[in-house]
Amino acid sequence: MNRAEILKHFDELTVWRSGDQRAPHKPLLVLYALGCFTRGGATDIPFTEVSTDLTALLAEFGPSRKSYHPEYPFWRLQNDGVWTVQADGTLTAREGNNDPKKSELLAHNARGAFLPTVLAALRTDPTLVTEIATRLLDGHFPHSLHEDILAAVGLDLERETATRRKRDPKFRQRVLVAYEYRCAVCGFDVRLGSVSVALDAAHIRWHQAAGPDTEDNGLALCALHHKLLDFGAYTVSPQGVVLVSDQTTGTDGFAESLLRHHAKPIRLAQRPEWKPKPDHLDWHGREVFKGQARHAV
Ligand SMILES: [Zn+2]
């Protein structure tokens with residue numbers, strides 16, 4: 001496979017779809033495996049390790065779920081033409097599909113690896129890891145989480161060379177105007193000369209989940225509240241009220257910067273038609289927000 005063919009395989013990973021639910025399993029597995037590859041360890045990655053590490057990645061960067069299934073992407077990535085799984089002995093499939101159970105993968109010491117053609121390309125073209133990782137990050141996660149994900153999977157990249165997704169610069173401008181250049185949660189509005197500093201236009205429904213570049217899908221947020229929103233440390237209810245997760249904890253800084261906004265309404269946009277659409281807020285509450293909302297204080 002040449003470079004273009006390999007990139008095409010990774011661009012076209014078949015991710016499980018159900019309505020507008022997020023499914024970052026395969027992208028996170030590939031990023032994790034790229035991290036293992038760049039650290040120069042064995043090319044076979046044992047499922048015993050993937051099981052623990054990918055579960056942690058899914059809990060941190062995936063939607064909040066009752067249980068996590070690292071075995072699904074580990075097995076099904078084989079259908080995407082980039083990955084293979086070896087095991088000792090024969091793996092028994094579940095009834096109803098071809099997937100072996102997690103217990104089977106563990107019992108038979110299953111190991112996953114990029115296909116030899118992919119490994120050969122990764123070795124001969126050092127920019128390929130960066131390009132694949134950047135495309136997966138841009139395709140599945142908001143920018144504010146990229147560095148955290150790379151750190152979690154142990155990838156250290158020179159990303160200036162990679163092809164970045166183009167963003168609509170007018171979205172930022174329109175959203176900041178809608179909120180009069182102030183954070184919708186805390187009112188932060190620092191300027192350096194005439195330039196707003198550390199103030200972002202955040203997407204409520206992520207761009208990666210087909211969220212539109214419209215005012216009713218945006219919030220002006222300071223850098224801190226933007227990151228905490230994208231991590232799911234808090235959400236905004238369809239009624240426009242800040243809800244902090246019961247999983248989010250801390251001491252003085254936490255109380256001062258986040259908890260005191262709990263159960264309070266966000267600032268209103270200048271015009272009623274720019275109010276966040278309840279449907280987008282509902283998506284964030286289901287697919288990004290972690291845990292449950294705290295009791296009102
Ligand atoms: Zn803020």
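Helices (H or I, at least four residues) and strands (E, at least two) are DSSP runs, numbered from the N terminus; on this basis Phe 141 lies in the loop between helix 7 and helix 8. The legends below describe close-up views of a predicted model.

**View 1. Phe 141 in the loop between helix 7 and helix 8.** Phe 141 counts as buried because it has 23 C-beta neighbours inside 10 Å, and a residue needs 20 or more for that class. When residues up to four places away in sequence are not counted, Phe 141 touches Phe 61, His 146, Ile 149 and Gln 208. Val 129 stands 12 residues from Phe 141 along the chain, and the C-alpha atoms of the two are separated by 17 Å.

**View 2. Packing of helix 1 against helix 7.** The axes of helix 1 (residues 3-11) and helix 7 (residues 127-140) come within 10 Å and cross at roughly 25°. Helix 1 is therefore roughly parallel to helix 7, since angles under 35 degrees fall in that class. The crossing of these two helices is right-handed. Helix 1 contributes Arg 3, Ile 6, Leu 7, Phe 10 and Asp 11 to the contact, while helix 7 contributes Leu 128, Glu 131, Ile 132, Arg 135 and Leu 136. Sorted by class, the contact of helix 1 with helix 7 comprises 6 nonpolar and 4 charged residues, with no polar ones.

**View 3. Packing of helix 2 against helix 7.** Helix 2 and helix 7 have their axes 10 Å apart and pack at an angle of about 155°. The two helices are therefore roughly antiparallel to each other, because the angle is over 145 degrees. Helix 2 passes helix 7 in a left-handed crossing. On the helix 2 side the contact is made by Pro 27, Val 30, Leu 31, Leu 34, Phe 37 and Thr 38, and on the helix 7 side by Val 129, Ile 132, Ala 133, Leu 136 and His 140. The residues of this contact divide into 9 nonpolar and 2 polar, with no charged residue.

**View 4. Val 30 of helix 2.** Val 30 has 22 C-beta neighbours inside 10 Å and so counts as buried. Leaving aside neighbours within four places in sequence, Val 30 is in contact with Phe 10 and Leu 136. Phe 61 is 31 residues from Val 30 in sequence and 14 Å away in space, C-alpha to C-alpha.

**View 5. The largest nonpolar core.** This core has 37 residues, and those with the most contacts inside it are Leu 28, Leu 29, Leu 31, Tyr 32, Ala 33 and Phe 74. Two or more residues each come from helix 1, helix 2 (25-38), helix 3 (47-61), helix 4 (71-76), strand 2 (83-86), helix 6 (116-124), helix 7 and helix 8 (143-153). Helix 2 supplies the largest share of the core, 8 residues. Apart from neighbours within four places in sequence, Tyr 32 is in contact with Asp 53, Leu 54, Leu 57 and Val 153. Another core, of 27 residues, lies apart from this one and includes Val 175, Ala 202, Leu 219 and Ala 233. In soluble globular proteins, nonpolar side chains tend to be buried together.

**View 6. His 69 in the loop between helix 3 and helix 4.** His 69 is partly exposed, because 16 other C-beta atoms lie within 10 Å. His 69 and Tyr 32 are 37 residues apart along the chain, and their C-alpha atoms are separated by 15 Å.

Terms used:
Residues numbered from 1 in each chain as written. Predicted model: local features only at pLDDT ≥ 70, side-chain atom pairs only at ≥ 80, totals over all residues. Axes fitted to C-alpha atoms, helices over the stretch in contact; angles between N-to-C directions. Parallel < 35°, antiparallel > 145°, perpendicular 65-115°, else oblique. Left-handed = near helix turned anticlockwise from the far one by under 90°. Contact = placed C-beta atoms within 7 Å. Nonpolar A, V, L, I, M, F, W, Y, C, P; charged D, E, K, R; others polar. Core = buried A, V, L, I, M, F, W, Y, C linked by C-beta atoms within 7 Å. Buried ≥ 20, exposed ≤ 12 C-beta atoms within 10 Å, placed from the backbone.
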